[in-house]
Amino acid sequence: MQAATDITDIVGKDIGLMIRAFSSALEDDDLLVRRGALDLLLQSLRIDGVAFKRAQAEDRVILMRAASSVVLRRDLSLNRRLYSWLLGPSEDSQQQMEYLKTHSLQLLSHTLRVCITVS
């Protein structure tokens, strides 16, 4: 498994602003913008990464809501990227399940509960 890198060295210390920018890109109408945003998430803002862990809980929910909303677009390439972000870098299904349980599942379920109660 690759070591998580700290993207804050590149983009600065305002992680909330960075997350809101990613969220806006994920909600864009242009397919290529959403695809590019997911690619950047995979490369530089992994769920187990330092920057993501430093972010405020509200910002993490905002990003998870925007990321999970790409499923509604019914585009296989977007879904594959989202699942890669949620399941981690490993190709092994057992390691993916562990990554999901350890890093993604709690935030995803919390975000979905918040979305349901708001609706």
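Mentor: From the N terminus on, the elements of the protein chain run α-α-α-α-α-α-α, where helices (H or I, at least four residues) and strands (E, at least two) are DSSP runs numbered from the N terminus. That gives seven helices and zero strands. This is a predicted model, in which local features need pLDDT of at least 70, side-chain atom pairs count only at pLDDT 80 or more, and totals for chains, interfaces and linings use all residues. Residues are numbered from 1 along each chain as its sequence is written, and side-chain values use heavy atoms, leaving out hydrogens and water.

Trainee: What describes two packed helices?

Mentor: The angle between their axes and the distance between the axes. Here, helix α2 (residues 15-26) and helix α5 (residues 57-68) pack at about 15°, with axes 8 Å apart. Axes are lines fitted to C-alpha atoms, for helices over the stretch in contact, and angles run from 0 to 180 degrees between N-to-C directions. So α2 is roughly parallel to α5 (angles under 35 degrees; over 145 is roughly antiparallel, 65 to 115 roughly perpendicular, the rest oblique).

Trainee: Which residues make the contact?

Mentor: With contact meaning heavy atoms within 4.5 Å, α2 contributes G16, I19, R20, F22, S23 and L26, while α5 brings E58, D59, I62, L63, A66 and A67.

Trainee: And how much of the protein chain is buried?

Mentor: Buried residues (under 20% relative accessible area, 1.4 Å probe, protein chains only) make up 40% of the 119 residues. Among contacts with a separation of 6 or more, 63% join residues 24 or more positions apart.

Definitions and conventions: Buried means under 20% relative accessible area, exposed over 50%, partly exposed in between (1.4 Å probe, protein chains only).
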